[in-house]
Amino acid sequence: MALHAASDASPWVQRWSHLVTPGAKVLDVACGGGRHMAWFAELGCQVSGIDRSQEALALAGQFGVTIQADMEQGVWPLGTANSPALFDVVLVTNYLWRPLFPALLQSLAPGGLLLYETFASGNERVGKPSRPDFLLQPGELLERCKGLKILAFE
């Protein structure tokens, strides 16, 4: 697994990072090798990443706290519905597991920022992922986040 440089943060994440203040608590969900953890650590944030791959977390660990968990098979490892661990930023890129949405939204501190970037319906015509399970449907993310103030959506 190759190590990403902080400059490898996705353009979407880079574009909205100005909204994140130094010292903010950032959670990178399905963080992989930590490219976005590196980005936010470089911006002076307190970074945590969660992923199921021990190999990926071995790389990501240099940027912040890592938690190994299979979010699709187990219990959300960061607090409970009644007492969630709160983050100023919850970040998800290239990952979609619909049953996780309640935990993600509950983990967002009041006034916090949800940065979500993943594949949508139509991607099956140009590449992978192509299974509907891994593609947002039109309006789905907006519906799931209807209680939040939407700053940008593409």
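Which residues does Thr 93 touch, not counting residues up to four places away in sequence? I started my notebook with that one. The model is predicted.

**Thr 93**

I listed the contacts of Thr 93 and found Val 13, Arg 35, His 36 and Glu 117, with residues up to four places away in sequence left out. I placed Thr 93 in strand β4. I then looked up its cover: Thr 93 has a relative accessible area of 8%, so I put it down as buried, the limit being under 20%.

**Asn 94**

I moved on to Asn 94, which lies in the loop between β4 (87-93) and α4. I noted a phi near 55° for Asn 94, a positive value in a residue other than glycine. Is Asn 94 buried or partly exposed? I read 42% relative accessibility, and Asn 94 counts as partly exposed.

**Ala 30**

I looked up another positive phi. Ala 30 has a phi near 60°, and this residue too is not a glycine. I located Ala 30 in the loop between β1 (25-29) and α2 (35-42).

**Aromatic pairs**

How many aromatic pairs does the structure hold? I count two. I took up the pair of Phe 101 and Tyr 116: the ring centres are 5.4 Å apart and the planes stand at 15°. Stacking requires planes under 30 degrees apart, so this pair is stacked.

Where do the two partners lie? I found Phe 101 in helix α4 (residues 101-106) and Tyr 116 in strand β5 (residues 108-117). The pair therefore ties together parts that are 15 residues apart in sequence. I checked cover for both partners. Phe 101 is buried, at a relative accessible area of 3%. Tyr 116 is buried as well, at 9%.

**Lys 25 and Phe 87**

I looked at the ring of Phe 87 next. The charged end of Lys 25 sits over this ring, 5.3 Å from its centre.

**Surface patch**

Which residues form a nonpolar patch on the surface? I wrote down Leu 142, Leu 148, Ile 150 and Phe 153. Together they have about 320 Å² of accessible area. I followed up one of them, Leu 148, and found it in the segment after α5 (140-144). Leu 148 has 31% relative accessibility and counts as partly exposed. Patch members need over 30% relative accessible area, so Leu 148 qualifies on that point at 31%.

Key. Residues are numbered from 1 along each chain as its sequence is written. This is a predicted model: local features need pLDDT of at least 70, side-chain atom pairs count only at pLDDT 80 or more; totals for chains, interfaces and linings use all residues. Side-chain values use heavy atoms; hydrogens and water are left out. Rings of Phe, Tyr and Trp (its six-membered ring) pair if their centres lie within 6.5 Å; planes under 30 degrees apart count as stacked, over 60 as edge-to-face and the rest as tilted. Helices (H or I, at least four residues) and strands (E, at least two) are DSSP runs, numbered from the N terminus. Buried means under 20% relative accessible area, exposed over 50%, partly exposed in between (1.4 Å probe, protein chains only). A charge sits over a ring if NZ of Lys or CZ of Arg is within 6 Å of the ring centre and within 35 degrees of the ring normal. Patches are made of residues with over 30% relative accessible area and no salt bridge: like charges are joined within 9 Å, nonpolar side chains (Val, Leu, Ile, Met, Phe, Trp, Tyr) within 5 Å. Accessible areas come from the Shrake-Rupley method with a 1.4 Å probe; for residues, only the protein chains shown count as cover. A salt bridge is a side-chain nitrogen of Lys or Arg within 4 Å of a carboxyl oxygen of Asp or Glu. Contact means heavy atoms within 4.5 Å.
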